[in-house]
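Work through the exercises below with the model open. Try each task before reading its solution.

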Amino acid sequence: MLSAKSLPLSSPLIKASKSPDANLTSKYYIGINKWSRKMYTNPSLSFQSSCRETSSEPVVVPEARSMSAQNRVDILSEALPYIQKFHGKTIVVKYGGAATTSEALQVPVISNLVLLQNFGLRIVIVHSAGPEINQWLGRLGLKPKFGNGLHVTDATTMEVVAMVLGGKVNKHLVSLINKAGASAVGLSVTGLTAVGLSGMGATAAGLSGMDDHLLTARPSFTNFGLLGFVGDIATGEPAVLRPLIDNGYIPVVASVAADKTGRLYIINADTVAGELAAALAAEKLILLTDVAGILEERDDPRSLVKEVDIEGARRMMNDEKNAGGMFQKVDCCVRSVAQGVRAASIIDGRVQHSLLLEFLTGGGAGTMITG
């Protein structure tokens with residue numbers, strides 16, 4: 001188990017003690033709440049983030065010995081305070097990384113989300129496409145284009161992106177959620193018709209994200225058009241999501257959007273999740289990714305920072321040692337918390353049941369950023 005550390009606004013530096021339950025496996029740990037995220041500061045600490053290449057293989061915690069029925073009941077009862085804490089609260093989950101591509105992780109991640117919904121959490125999912133876009137570009141004989149070492153999304157590529165994100169990947173996630181026993185609505189914020197649910201055991205719901213102004217895109221100011229159809233969010237209006245959430249659906253949103261003229265753009269899924277979380281006044285934003293969270297030392301997973309406030313996170317963002325991918329994730333979390341989201345967490349989707357660890361235990365599963 002990783003050591004628990006955090007950084008509050010301004011206080012003297014102390015290191016957190018190791019959890020007394022640190023050696024428990026995840027099966028037992030889900031019900032153990034004897035410790036919570038610890039807090040510390042260190043004026044000499046140089047924050048670093050880990051964004052190195054990571055394996056897409058799931059990080060599987062060894063199975064514990066079979067438990068008795070009484071132990072199972074005890075564990076469930078210990079989760080009650082956390083269930084009560086999040087019951088009725090809106091949670092936005094960015095579903096990305098290995099958790100979207102590994103079959104060994106897809107089913108448990110979806111089952112975790114459905115379980116949390118059954119506990120009363122109001123869940124919205126935002127997803128990316130992972131490597132599937134490049135796979136389909138290859139099948140269509142389209143070669144990736146680059147400018148200044150960065151991937152360029154031209155008009156033809158954007159058509160493929162819209163089809164893969166708003167069609168294949170979105171529909172697959174909707175199918176998995178319905179198979180797990182919940183009702184999902186697939187939303188592509190492009191003006192394309194949303195993925196319906198006919199034949200999937202739920203009521204059909206055809207929606208146009210553009211017509212309902214869920215998200216409106218604009219060209220990204222950071223790439224000055226060099227990356228083609230890569231955009232940012234100009235405005236967001238989540239009114240279309242509220243009745244779906246109120247009626248027990250899990251909206252599944254693809255990270256593409258159209259500008260005022262109808263031109264399509266791909267938008268970073270972290271950004272979409274963060275802006276929707278803010279617009280929905282969500283209790284929590286979760287970025288499910290392929291890193292453990294924010295590390296003090298780039299190559300030391302034991303140096304995981306468990307909790308940091310906005311001020312500490314902003315100092316970290318100004319650290320030149322921060323890698324680009326993690327910088328963007330931290331920026332997304334800071335923006336959402338600054339706009340009223342109570343907390344944002346970056347957690348490792350390769351860890352089995354990391355969502356349950358984050359919501360149903362005091363120790364959490366990654367790095368949490370708070371106001």
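**Exercise 1. At what angle do helix 5 and helix 7 pack, and how far apart are their axes?**

Solution. Locate helix 5 at residues 103-118 and helix 7 at residues 155-179. They pack at about 60 degrees, with axes 9 Å apart. Axes are lines fitted to C-alpha atoms over the stretch in contact, and angles run from 0 to 180 degrees between N-to-C directions. Helix 5 is therefore oblique to helix 7. Oblique is what remains after under 35 degrees (roughly parallel), over 145 (roughly antiparallel) and 65 to 115 (roughly perpendicular). The crossing is right-handed: the near helix is turned clockwise from the far one by less than a right angle.

This is a predicted model: local features need pLDDT of at least 70, side-chain atom pairs count only at pLDDT 80 or more, and totals for chains, interfaces and linings use all residues. Residues are numbered from 1 along each chain as its sequence is written, and side-chain values use heavy atoms, without hydrogens and water.

**Exercise 2. Which residues of helix 5 and helix 7 meet?**

Solution. From helix 5, take Gln106, Ile110 and Val114. Their partners in helix 7 are His172, Leu173, Leu176 and Ile177. Contact means heavy atoms within 4.5 Å.

**Exercise 3. How many disulfides are there?**

Solution. Apply the rule: a pair of cysteine sulfur atoms within 2.5 Å. The count is zero. Cys332 is in no disulfide; its nearest cysteine sulfur, that of Cys333, is 5.2 Å away.

How values were computed
Helix = DSSP H or I, 4+ residues; strand = E, 2+ residues; numbered from the N terminus.
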